[in-house]
Each structure stands twice: as C-alpha cells, then as structure tokens.
Amino acid sequence: MDGTMENNQLILLSDQDGICVLTLNAPKSINALSEAMLAAMSDMLDAIAADGSIKVVILRSGGNHFCAGHNLKEMTAHRADEDGGFQYFQDLFAKCSAMMLRVVRLPQPVIAEIKGIATAAGCQLVASCDLAVAAEDATFATSGVNIGLFCSTPMVALSRNVPRKMAMEMLLMGEFLPATRVAEMGLVNRVVPLAEVEAKTMEMARIIADKSPSAVKIGKRAFYEQAEMSLEEAYAFAGRTMAENMMARDAEAGIGAFTRKEPMPEWTGE
C-alpha cells in the first residue's frame, strides 16, 4: 500500500515506512460497528494481511471517541423482520466476530490508539488488538447489561485480556472505567495525556517496525496459538516454532551479528 486511500470514507488509510494507520471515520455515530463499517474493516484487514511492506498497524478513530460498539439503531430496525430479527442478529454477530478474528490473525501487530469512549464491541476491538495506548481521559465499558443486552461477544476478547473477576466486574456492572483502571487490569499498555497519545502510539509502532518482520510474524502467530494449549503442548509447539525461526535468514544474520558484536543487519523479512 502507498499513500492515502478511503474505503467508502468509513475507513481512512495511510501508510509510511511500513506503518499503516487505519482511522475509523464515522464520528457522528461514535464510529459504531455498523454492517458497512464491519465490511470496510474486514476488506482493509484482508488487504493489509497480503501486503508484505506493512510491518505494523495503528488503529485510531476520527472524532472525539474511539468506538461505541454496534449500531443499535440499525439493529433495532430488524425487529420488524418475520423472525423478530433473530437471523439478522446471528449473522451480524458472526460478521463482527470474524472481523475481530482478522485483527488477531493479522500477520502484523495491531496497536489500538484510544481516546474518548470504547464501549461494548468497541471495547472488544481494543481487547482484540495486540497492544493499546489510551489517552488519560479515555473510558472503557462493556455496558450492554445496562440496557438488557449482556456483552457476550465482547466477553470473549475481554476475558482473554484481563483476570476473570475483573472481566466479570466489567460485564456485570456495566460501569465506565478510566484508562488508569483498565491499564491496571491489563487491557491497555500505556496511558498518556491526550496531546501525546498519537506520538506515543507511533513511537511503539516504530520500535516494532525496526524488528525483523519474519520474527514478529512468527511470534504473533505463536503467541495466540500457544495460549489455547495445555502447558506441555505449548512448550512442544513453542520449541518447534523457535527451531523454525532459527532457520530464517534474519535470525541467522541477527544472531551472527550479535555474537560478533557487530551492528544489527538490515532485516530482509526472510
């Protein structure tokens, strides 16, 4: 990818020096995950996955807030369907889950950059990203329970990021928590002043972009795969993964330079 593009203007994309910035661009709906937004995000992620020039992705938002979750007005309109909307709701949540899985399975690391609110499926999106940087005034919630809809799909990502009792606290109480609190829980990595959030996120992205692309790709995939295994299975899998990583040209060149006390080589991604 090169330069700046738009996908139906719902997602803005720019990339430079291997760092791709995706901007949710529906501020009037608080960047709600409408059907169109989910489709645009899925298309963008598929294109990024196939682009070997992109090393890191930053996911940020237009307007004053990150993401309010699903578009409830769009959903409510389907109450008039013959089945009361049941099939539509199933299909919508499946599409959303597939998009979240695209984030997790993307070869490149994804850093969420959060300002304002991240609630329900918006909080799920943060939890699905590999890293997260939040502005000090950002707030987070799985608040569906407040309107009679338990955040069951956001629960999947949330419960894989924070301890169980903390996840249940968010899910059952539906409270908006400050960025400092969710950082203590482990949902975000850094909390900085709003004026510094873009710079801090870009700093993290540049550090990662300077690493071997092959090592980062192998490592991200292995991280999520081993997390679902038993301890013994995880060690066996990780051992095979490291052996495969040792066969990469980047590993051979990097280890050689380190042992010879030479500067790190220019990574080839091979």
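Predicted model: local features only at pLDDT ≥ 70, side-chain atom pairs only at ≥ 80, totals over all residues.
Residues are numbered from 1 along each chain as its sequence is written, and side-chain values use heavy atoms, with hydrogens and water left out.

Let me begin with the sheet, which is open and has three strands in the order β6-β8-β9, with mixed pairing; helices (H or I, at least four residues) and strands (E, at least two) are DSSP runs numbered from the N terminus, and two strands pair if DSSP finds at least two bridges between them. The edges are taken by β6 (117-119) and β9 (177-178), and because each has a single partner strand, one side of each is left without a neighbour in the sheet. Strand β8, residues 139-141, pairs with β9 in the antiparallel sense over two bridges, and phenylalanine 140 has leucine 177 in β9 as its bridge partner.

From there I move to proline 154, which sits in helix α5, residues 152-158. At 5% relative accessibility proline 154 counts as buried, where buried means under 20% relative accessible area, exposed over 50% and partly exposed in between, with a 1.4 Å probe and protein chains only. Apart from neighbours within four places in sequence, proline 154 is in contact (heavy atoms within 4.5 Å) with Ala120, Ala121, Gln124 and Thr142. Its C-alpha atom is separated by 8.3 Å from that of glycine 122, 32 residues apart along the chain.

Now to the aromatic rings: how many aromatic pairs does a search of the whole structure find? It finds two, given that rings of Phe, Tyr and Trp (its six-membered ring) pair if their centres lie within 6.5 Å, with planes under 30 degrees apart counted as stacked, over 60 as edge-to-face and the rest as tilted. Tyrosine 88 and phenylalanine 89 have ring centres 5.9 Å apart and planes at 70°, so this pair is edge-to-face. For phenylalanine 223 and tyrosine 224 the centres are 5.1 Å apart and the planes at 85°, so that pair is edge-to-face. Tyrosine 88 is buried at 11%, whereas tyrosine 224, at 25%, counts as partly exposed.

Finally, helix α11, residues 249-259, has Asp250, Ala251, Gly254, Gly256 and Ala257 as its buried residues, and their cover includes α9 (213-226) and α10 (231-246). Just after α11, lysine 261 takes a positive phi of about 60°.
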